[in-house]
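Have the viewer open while you read.

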Amino acid sequence: MEVGGVKHHWIRDDIEISFPLPKFVQELVRELEALDEAGDYAYEGCADALDVGIKEAVRRGEMTQKQWDLISAKYIEVM
């Protein structure tokens with residue numbers, strides 16, 4: 001749904017993610033996009049799960065701090 005040029009309720013469309021994402025992140029992003037499209041406030045809980053998962057991926061060296069910052073700005077900090 002696009003309203004007034006904005007495609008999403010909570011996801012920032014102006015941030016582009018152009019790096020490969022771990023499978024668990026891809027799955028959570030798909031869920032976030034569906035929840036956002038539906039305007040479902042369960043988005044907040046899913047965004048929290050994404051934040052925790054990415055923190056762990058950074059700790060294990062699977063993702064960088066910069067990647068976490070971008071994903072956080074796009075999907076998490078908007079709530």
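This is a predicted model: local features need pLDDT of at least 70, side-chain atom pairs count only at pLDDT 80 or more; totals for chains, interfaces and linings use all residues.

Residues are numbered from 1 along each chain as its sequence is written, and side-chain values use heavy atoms, with hydrogens and water left out.

What about the other side? Val 25, Leu 28, Val 29, Leu 32, Leu 35 and Asp 36 of helix 1 are buried, meaning under 20% relative accessible area. They cover an arc of only 130° around the axis (taken from the directions to the C-beta atoms), which puts them on the same side of helix 1. These buried residues pack against helix 2 (43–59) and helix 3 (65–76), with contact meaning heavy atoms within 4.5 Å.

Helices here are DSSP runs of H or I, at least four residues, numbered from the N terminus. After helix 1 comes Gly 39, with a positive phi near 70°.

Now for helix 2 and helix 3: their axes, lines fitted to C-alpha atoms over the stretch in contact, come within 10 Å and cross at roughly 180°. The pair is therefore roughly antiparallel (over 145 degrees between N-to-C directions).

| Helix | Residues making the contact |
|---|---|
| Helix 2 | Tyr 43, Ala 47, Leu 50, Asp 51, Ile 54, Lys 55, Val 58 |
| Helix 3 | Gln 65, Trp 68, Ile 71, Tyr 75, Ile 76 |

Note on methods:
Buried means under 20% relative accessible area, exposed over 50%, partly exposed in between (1.4 Å probe, protein chains only). Helices (H or I, at least four residues) and strands (E, at least two) are DSSP runs, numbered from the N terminus. Axes are lines fitted to C-alpha atoms, for helices over the stretch in contact, and angles run from 0 to 180 degrees between N-to-C directions. Angles under 35 degrees count as roughly parallel, over 145 as roughly antiparallel, 65 to 115 as roughly perpendicular and the rest as oblique.
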